[in-house]
Amino acid sequence: MSVFELWLLALTAIGLVSGVCGIVWARAGGSRGGIAMGRCLFVATLLFLGASSLLAAWHRADGLAPLGLSAGFLVIVMLWEVPSASHRQSQPISVPLANVEARAE
């Protein structure tokens, strides 16, 4: 394995870590600014992986497949719909009809 291939493997690992951090930050951000920063980190990571993929394709490296797969799986995880906690913990509210009828009169 050449030094270039090892660098591509390291760039793939860096891209995966920063992409997962961006996803977690975008999903668990407490404010709009935090969510926006997570999304920006995610997009920057995709651009970083895309540039690395172009470099790998230019050199016809074997490390191109893991770069493409990692970018693809990061997009899948970012777009995955996670059920929110409010739907799982919601209970139907029952309103006694006697109160409603007494207020109408």
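Helices here are DSSP runs of H or I with at least four residues, numbered from the N terminus. The model is a predicted one, so local features need pLDDT of at least 70 and side-chain atom pairs count only at pLDDT 80 or more, while totals for chains, interfaces and linings use all residues. Residues are numbered from 1 along each chain as its sequence is written, and side-chain values use heavy atoms, with hydrogens and water left out.

Take helix 2 to begin with. After helix 2 comes Arg60, with a positive phi near 50 degrees. Among the buried residues of helix 2 are Gly34, Phe42, Thr45, Leu49 and Ala56, where buried means under 20% relative accessible area, exposed over 50%, and partly exposed in between (1.4 Å probe, protein chains only). The buried residues of helix 2 pack against helix 1 and helix 3.

Gly38 sits in helix 2 and counts as buried because its relative accessibility is 0%. Leaving aside residues up to four places away in sequence, Gly38 touches Gly22, Trp25 and Ala26, a contact being heavy atoms within 4.5 Å. Ser18 is 20 residues from Gly38 along the chain, and their C-alpha atoms are separated by 9.9 Å.

On to helix 3, where Leu67, Ser70, Ala71, Leu74 and Met78 are buried. They cover an arc of only 95 degrees around the axis, so they end up on the same side of helix 3; the arc is that of the directions from the helix axis to the C-beta atoms. The buried residues of helix 3 pack against helix 1 (3–28) and helix 2 (32–58). Leu69, Phe73 and Leu79 are exposed on the other side of helix 3. As for length, helix 3 has 16 residues and reaches 23 Å from its first C-alpha to its last, close to the 22 Å expected at 1.5 Å a residue.

Ile76 also lies in helix 3 (residues 64–79), and its relative accessible area of 44% makes it partly exposed. Together with Leu69, Phe73 and Trp80, Ile76 makes a nonpolar surface patch of about 480 Å². Such patches are made of residues with over 30% relative accessible area and no salt bridge, nonpolar side chains (Val, Leu, Ile, Met, Phe, Trp, Tyr) being joined within 5 Å and like charges within 9 Å. A salt bridge is a side-chain nitrogen of Lys or Arg within 4 Å of a carboxyl oxygen of Asp or Glu. Accessible areas come from the Shrake-Rupley method with a 1.4 Å probe; for residues, only the protein chains shown count as cover.

Terms used:
Helices (H or I, at least four residues) and strands (E, at least two) are DSSP runs, numbered from the N terminus. The expected span of a helix is 1.5 Å times one less than its number of residues.
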